[in-house]
Structure formats: structure tokens, C-alpha cells
Amino acid sequence: MRYFYQNYRTYVKSKSWTQLRGDDIDSTKLKDCDPIEYVKDLNVKSNLKGEILDSESVANPCGLVAKSFFNDTYALYNSSSGQIAIREYGIALESDFETFINSDNYETVQWIDKEDEHFINWMKIAAMRKFWKLWGVVDQDIKAGQYFVDITNNYDVSKWEGEKAVVLSTVNALGAKNFFLGSVFLCAGILCCIATVFFCSMGVMSEKRIIEGDHLKW
């Protein structure tokens, strides 16, 4: 995603950790979710069962971050062998499930599954205006060939002239391909080397002044 500022202060604050952990909150504790507090503030009006929610009831989950959930879906095809399975589970950290917990009777009171791993990854705020969110994993080897991605385009980015793209990347123990972090670490290393040389040079070139005891008398 590009030109989406998840780091905007109002956006970052607009969520309730209490609610995300599975506890219900009433209208007196909705300040953290401003301006998305009630069902009427959402684009979705029904619960997970497809039943219409009371427009004056508390949105569960509430807040701007939850409301802006990215809901495009993808299917990957090879021109010769057909569809390739994309695993959509195991893409969030195990520790995340201690923070994102469904409420009691969640199918009735929630408009989205808070334990859905796509939702969990979206709720993790990105620091930059251009960011990646892990959507799925292909467990089989991808051989050279012609591939097609079938996209269900639910998420409209034209309102803010944003951009979105599908990225296929190989992940290893150090994570996925990331030029930004590499550039940051390289620049930081160069600056540290320059600072080291500068201070060492100052230490060698500066004269050591020995103050004799007589000079301290007045």
C-alpha cells in the first residue's frame, strides 16, 4: 500500500485495546475510538451472522483502524497447472492472539472476526506511508512460468489517490526483502564510522595541558 498514512496521530489512537482483548465496553468508554464509536459510523451494518446490528449500539471493534480494514482477496493461478493454494493462516504471531480476542457471543455482536489473521496484521500500525502487510503464504515452490493473480477489488484507494500492489517475495529467517531497513542500517553505520574517526582525530590532535599546582594558587 502506498500513500496511506497509518502513522497519523488521530488514526493511531482510534482503537480500544480493552475491546480488542475481548472485553465489552459501554458508551462511556468510547473516547479512545473517536470518531468511529457506534455501528452507524461504520460502513458495515450487519454482524457475522448477517443480521442487522442496532445502529446506536457500540461498534465492535470500534475505531478508525478497524473501520479501514483492508479487505481485498487474491487467488494465484499458473497458466499450465491451474490454481496455486495460498495459506491464509499462520501469518500472524502467536503472541498476537493474546491481544486480539473475540467477545462472548462474537458472531452476534461483532461485525468482523477479531481473531482473523488478516485483521490482526492490519491493526499493526505501519510507520511509513508505504508499507507491506502479509496476506498469505505459498508453501510450494514457484517455478518459472506464467502466472495470473485474480483480485477481488473491494478496497477503494481512489478517494485519497492511493496505490496498492501485490508483491511476491521469498521470506527467510531474516524476513522478507526490505530495501528501506537496509538503507537505514547502512546510513547509520556510515555515520557511526564518521563520528568515530572525528572524535579519535580530535583526541590525538588536542594538546594535553598539565596544570601545575602553583597555578592553582591566588
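This is a predicted model: local features need pLDDT of at least 70, side-chain atom pairs count only at pLDDT 80 or more; totals for chains, interfaces and linings use all residues.
Residues are numbered from 1 along each chain as its sequence is written, side-chain values use heavy atoms without hydrogens or water, and local features need pLDDT of at least 70, with side-chain atom pairs counted only at pLDDT 80 or more, while totals for chains, interfaces and linings use all residues.

The largest nonpolar core has 32 residues, where such a core is a set of buried Ala, Val, Leu, Ile, Met, Phe, Trp, Tyr and Cys residues joined through side-chain atoms within 4.5 Å, and buried means under 20% relative accessible area, exposed over 50% and partly exposed in between, with a 1.4 Å probe and protein chains only. Those with the most contacts inside this core are M1, F4, F119, W122, M123 and Y155. Its largest share, four residues, comes from α5, helices being DSSP runs of H or I with at least four residues, numbered from the N terminus.

Y155 also belongs to the residues closest to the centre of the second largest pocket, together with N43, K67, S68 and F69. Leaving out residues up to four places away in sequence, Y155 touches, among others, M1, F4, W122, S68 and F69, contact meaning heavy atoms within 4.5 Å.

E115 lies in the loop between α4 (106-109) and α5 (117-123), and because its relative accessibility is 34%, E115 counts as partly exposed. Beyond its neighbours within four places in sequence, E115 is in contact with F97, F100, I101, N102 and I120.

Notes:
Helices (H or I, at least four residues) and strands (E, at least two) are DSSP runs, numbered from the N terminus. On a 1 Å grid over the protein atoms alone, a cavity is a set of points where a 1.4 Å probe fits but cannot get out, and a pocket is an open set with protein on both sides within 12 Å along at least five of seven lines; lining residues have an atom within 4 Å of a point.
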